[in-house]
Amino acid sequence: MTDIAVVESNVSVYFIFQDVQKHSVHTLVFRSLKRTHDMFVADHAKPVSLDETRYSCFVKQYAVFVLPSTSISLRVCNCRLDASRTAAGVGDIHRNAGGAERSPAPHSHSLLEGGATKNSSLVARKNPTMPKPQWHAPWKLFRVISGHLGWVRSIAVEPGNQWFVTGAGDRTIKIWDLASGKLKLSLTGHISTVRGVAVSTRSPYLFSCGEDKQVKCWDLEYNKVIRHYHGHLSAVYDLDLHPTIDVLVTCSRDATARVWDIRSKANVHTLSGHTNTVATVRCQAAEPQIITGSHDSTIRLWDLIAGKTRATLTNHKKSVRALALHPRQYTLASGSADNIKQWTFPDGNFIQNLSGHNAIINAMAVNSDGVLVSGADNGTIHLWDWRTGYNFQRIHAAVQPGSLDSESGIFACMFDHSESRLITAEADKTIKVYKEDDTATEESHPINWKPEILKRKRF
Amino acid sequence: MSACSFLPAPTQLSQDQLESEERARAQRSHSTALVSSRREPPPYGYRKSWVPRSLEDFGDGGAFPEIHVAQFPLEMGRKKKTSNALAVQVDAEGKIKYDAIARQGQGKDKVIFSKYTDLLPKEVLNDDAPELQKPDEEAVKELTEKTRDALMKQVSQKIAAAMPVRAADKQAPAQYIRYTPSQQGVAFNSGAKQRVIRMVEMQKDPMEPPRFKINKKIPRGPPSPPAPVMHSPSRKMTVKEQQEWKIPPCISNWKNAKGYTIPLDKRLAADGRGLQTVHINENFAKLAEALYIADRKAREAVEMRAQVEKKMAQKEKEKKEEKLRELAQMARDRRAGIKGHGGDKEDGEARERDEIRHDRRKERQHDRNISRAAPDKRSKLQRDQDRDVSELIALGQPNPRASSEAQYDQRLFNQSKGMDSGFAGGEDEMYNVYDQPFRRGSDMAQNIYRPTKSSDKDMYGDDLDTLIRTTSRSHNKFVPDREFSGTDHGPRRDGPVQFEEDPFGLDKFLEEAKQHGGSKRPSTSRGSKDYDHDKKRRKE
């Protein structure tokens with residue numbers, strides 16, 4: 001490595017920590033040539049002029065032919081190119097490192113012939129590169145709140161960020177102060193496990209749903225139940241409030257999700273189409289307004305006006321138990337036992353897989369900084385960088401003293417509104433609060449990331 | 001054109017070329033013929049042996065009823081084999097639309113993912129890529145408004161359906177339409193060219209009950225076609241993995257519903273009794289020993305204490321006795337000293353008598369002392385009065401029986417009761433041996449004054465019955481002066497029905513017979529019994 005050009009000396013620093021891959025001299029020389037070209041010579045927007053002498057080398061290992069029909073990739077290419085042009089340096093080189101190996105060699109041969117007759121433009125462009133994940137501070141446990149007598153199943157944080165509510169298997173709903181972790185109030189009324197809680201941003205109401213088919217609306221000024229929404233045929237597993245319309249959506253074990261008008265308690269729409277328990281539901285102001293994930297391993301995007309399915313996403317192999325909507329982007333993450341998938345709105349186009357958390361994922365939450373948290377049934381929490389899908393931390397908190405080791409599992413997790421605290425509801429009857437470790441820096445907790453040189457896995 | 005001349009003629013023609021040839025042929029045929037030949041069916045009457053076989057044979061008419069052959073003019077009437085096969089569709093670029101199957105029931109705008117590229121991961125985009133941005137505020141607001149209106153409409157419909165009857169809602173004002181009919185003429189519309197139509201919404205009766213029955217249950221329609229599955233089929237399970245998930249059948253220690261006979265080792269397999277050795281903590285033994293020791297020590301301590309106390313008590317007693325003896329001795333000495341000199345001369349008998357006198361005086365003194373000292377203490381007489389009979393017997397007190405008459409066994413009395421009256425069937429509770437109590441002590445009842453019936457006869461007169469009876473018949477107040485002639489002065493009536501004196505003496509006869517048959521006992525009670533039975537029967 002050291003006898004190659006000056007450019008390489010910066011890169012060698014990294015290679016100390018990794019296994020040195022053995023390549024032939026030809027490969028090494030070629031790579032360095034390519035990198036030099038990228039760094040100093042190449043203008044990526046301009047197509048490379050067809051130089052017959054070096055045609056075979058470059059074309060075979062470097063270029064991808066762009067047909068007029070695939071215009072999307074061009075657009076994508078531009079964005080990335082902007083990014084890569086601004087961020088020069090070690091990272092840049094690193095990013096480009098895997099380029100040489102990735103070109104589809106057999107493609108080029110067939111397309112060469114096609115290119116001659118079809119009058120397509122040969123645009124030599126960069127191969128898709130792996131972007132580097134953004135560094136995030138690791139999260140650590142800083143408070144354990146115990147007080148519930150059953151599994152804590154759900155969490156909701158008040159819009160003013162003063163307190164949060166939890167619903168548990170001991171059929172109570174408890175309100176805790178966020179700053180100190182002290183119990184403020186206990187509400188009883190459910191006759192079975194409370195599976196979902198939500199606090200309204202537009203009125204002083206708290207909504208709760210339970211395995212006893214009840215959906216209750218609590219008035220927080222009087223701490224009393226004022227409304228019941230009757231209609232579900234089986235246990236209600238989750239609920240969510242629409243951010244702008246006074247509408248409540250609940251999902252249940254009877255394979256339906258129901259849309260309720262809050263004031264009149266009328267069941268506006270019954271969203272049927274799933275064939276198994278609907279485990280999770282999310283609402284947003286933009287299209288599609290309702291998203292549900294079900295145990296039949298599908299996700300459905302619904303049209304709230306018509307009450308019909310807009311799109312069905314069948315990519316998952318196991319039940320989808322968790323959904324998370326990104327607060328800034330128009331994207332969605334869905335968690336299942338096989339892997340976590342990211343999608344765009346409004347049509348549900350698949351973006352990428354986040355694999356590595358090989359457990360039943362019960363809960364997910366996203367930060368504005370791009371931190372995705374997935375909490376599993378075995379008590380492990382994985383923290384991911386949203387954009388690249390890099391898992392930067394794994395936490396498995398110890399159970400409360402007195403609990404068995406098998407009593408570790410996470411049923412709900414939520415960021416507070418300042419996005420600095422992560423609150424998790426656990427199976428050892430405690431609520432754990434995590435915060436970012438302020439003392440950690442990029443050097444103390446480096447990103448242990450290797451760009452994938454192999455072809456990206458198809459699922 | 002030049003190139004075509006060199007090349008050999010094509011063996012297969014493309015679609016366009018075929019069409020152009022066809023057109024050319026048609027043109028040529030048009031140009032040479034004077035009359036275009038169209039095959040007309042033969043006119044009516046000349047169709048005897050003619051059968052229409054092809055579509056052109058029908059001309060522009062229909063089937064021929066006089067020709068008895070199945071005819072399908074314009075291909076009408078043929079039984080089409082319906083198949084639900086989709087016709088192959090091609091999109092704008094000429095590629096076959098393979099997802100037409102998946103899109104069968106949906107609109108063409110519906111988002112359905114069916115291509116392989118849909119499940120490929122896309123490129124990781126920058127955060128500010130346009131695809132990832134949320135739609136802007138205005139669009140969102142507009143959508144919110146639209147949604148809210150739609151939902152409100154739904155909700156109001158639902159609520160109105162549940163609300164009670166209200167006043168009839170106002171109808172929209174009448175609409176006027178100017179209509180120009182297509183058929184015009186003097187006859188239609190009485191010559192006018194146009195009509196004006198007034199359209200009014202029909203009033204809905206607010207009290208009208210629902211017109212249609214909605215309680216019919218119909219089966220649900222088929223669901224929308226399933227979405228194509230966008231993942232590889234789940235991997236085949238290896239034998240090893242299947243073995244891992246095998247769960248052995250449950251052999252209960254309590255229930256055996258089908259009555260299977262299960263070998264003993266299988267029965268105990270899940271129990272694990274033989275596998276573990278029971279470990280008992282050694283502290284149990286220590287505890288037992290400690291308790292034993294403690295018990296023994298306690299007993300010893302108690303014994304020792306008891307012994308010591310006994311000794312102490314004995315010593316005390318001896319001391320006291322000594323003291324008393326000394327005192328007695330002193331007293332005796334004093335007394336002997338005072339009296340002393342005369343009494344020594346007498347002999348034994350006098351001394352004995354003296355001793356007896358002495359004792360008696362002592363006793364009297366003792367009693368006097370006691371009565372003086374404890375006046376609450378009862379005297380002997382009082383004590384004997386309150387004693388129980390068993391105590392008196394135990395003390396051997398004499399029986400203060402007043403009379404000396406013989407005491408009879410009570411069983412001798414009341415002989416008229418019959419054979420089974422005396423022994424009373426072995427009843428133990430009944431104590432009927434004696435007729436008078438054993439010791440009739442001082443009965444308070446006897447001492448209580450009880451006035452007899454006839455104490456003050458001269459003051460107050462006798463009681464009523466004796467008065468009635470004893471007053472002389474002639475001056476009896478309750479006997480009429482002049483009686484009825486038919487009054488019966490026979491035996492007094494005892495009941496509502498009076499039995500006549502039997503003329504034949506049957507009763508007497510029967511009584512005698514019974515007497516002789518049984519023991520010689522007066523049967524007055526039995527007779528009275530019969531009488532009672534008869535009385536009762538009559539009453540009923």
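Helices are DSSP runs of H or I with at least four residues, numbered from the N terminus. That term is needed below. The model is predicted.

**A pair on one helix**

Helix α6 of chain B covers residues 283-339, and both B:R325 and B:E321 lie in it. They are four residues apart, about one turn of the helix. Their side chains meet in a salt bridge, with 3.4 Å from N to O. B:R325 is partly exposed at 48% relative accessibility. B:E321 is also partly exposed, at 41%.

Over all chains, the structure holds 22 salt bridges. Side chains of opposite charge can pair when their charged atoms come close.

| Pair | N to O distance |
|---|---|
| B:R325 and B:E321 | 3.4 Å |
| B:D354 and B:R357 | 3.0 Å |
| A:E211 and A:R195 | 2.7 Å |

A:E211 sits in the loop between β7 (205-210) and β8 (215-219) of chain A, while A:R195 is in strand β6 (residues 194-199), so this pair ties together parts 16 residues apart in sequence. A:R195 is buried, with a relative accessible area of 17%. A:E211 is partly exposed at 29%.

B:D354 and B:R357 are three residues apart in helix α7 (residues 348-373) of chain B, so about one helical turn separates them. B:D354 is partly exposed, with a relative accessible area of 36%. B:R357 is partly exposed too, at 47%. Elsewhere, shared partners join A:E287, A:R310 and A:D347 into one salt-bridge network.

**Where the chains meet**

In all, 39 residues of chain B contact 50 residues of chain A. The two chains bury about 4100 Å² between them. Carbon and sulfur atoms account for 61% of that area. How many salt bridges are counted between chain B and chain A? The count is zero. Eleven residue pairs are in polar contact between these chains, both residues at pLDDT 80 or more.

A:H269 touches both chains: its contacts beyond four places in sequence include A:V259, A:G307, B:L151 and B:Q154. A:H269 lies in strand β13 (residues 267-272) of chain A. Is A:H269 buried or exposed? At a relative accessible area of 7%, A:H269 is buried, because buried means under 20%. A polar atom of its side chain lies 3.4 Å from the backbone oxygen of A:I305.

**Chain A overall, and a patch on chain B**

Chain A has six helices and 28 strands. Of its 459 residues, 54% count as buried. On chain B, a nonpolar surface patch is formed by B:V88, B:V90, B:I96 and B:Y98. Together they have about 450 Å² of accessible area. B:V90 is found in the loop between α2 (15-32) and α3 (137-162) of chain B.

Notes: Residues are numbered from 1 along each chain as its sequence is written. Chains are lettered from A and ligands numbered from 1 in the order in which they are written. This is a predicted model: local features need pLDDT of at least 70, side-chain atom pairs count only at pLDDT 80 or more; totals for chains, interfaces and linings use all residues. Side-chain values use heavy atoms; hydrogens and water are left out. Patches are made of residues with over 30% relative accessible area and no salt bridge: like charges are joined within 9 Å, nonpolar side chains (Val, Leu, Ile, Met, Phe, Trp, Tyr) within 5 Å. Accessible areas come from the Shrake-Rupley method with a 1.4 Å probe; for residues, only the protein chains shown count as cover. A salt bridge is a side-chain nitrogen of Lys or Arg within 4 Å of a carboxyl oxygen of Asp or Glu. Helices (H or I, at least four residues) and strands (E, at least two) are DSSP runs, numbered from the N terminus. Contact means heavy atoms within 4.5 Å. Buried area is the accessible area (1.4 Å probe) that two parts lose on being put together, summed over both. A polar contact is a pair of N or O atoms within 3.5 Å; within protein, one must be able to donate a hydrogen and the other to accept it, and residues adjacent in sequence count only if both atoms are side-chain atoms. Buried means under 20% relative accessible area, exposed over 50%, partly exposed in between (1.4 Å probe, protein chains only).
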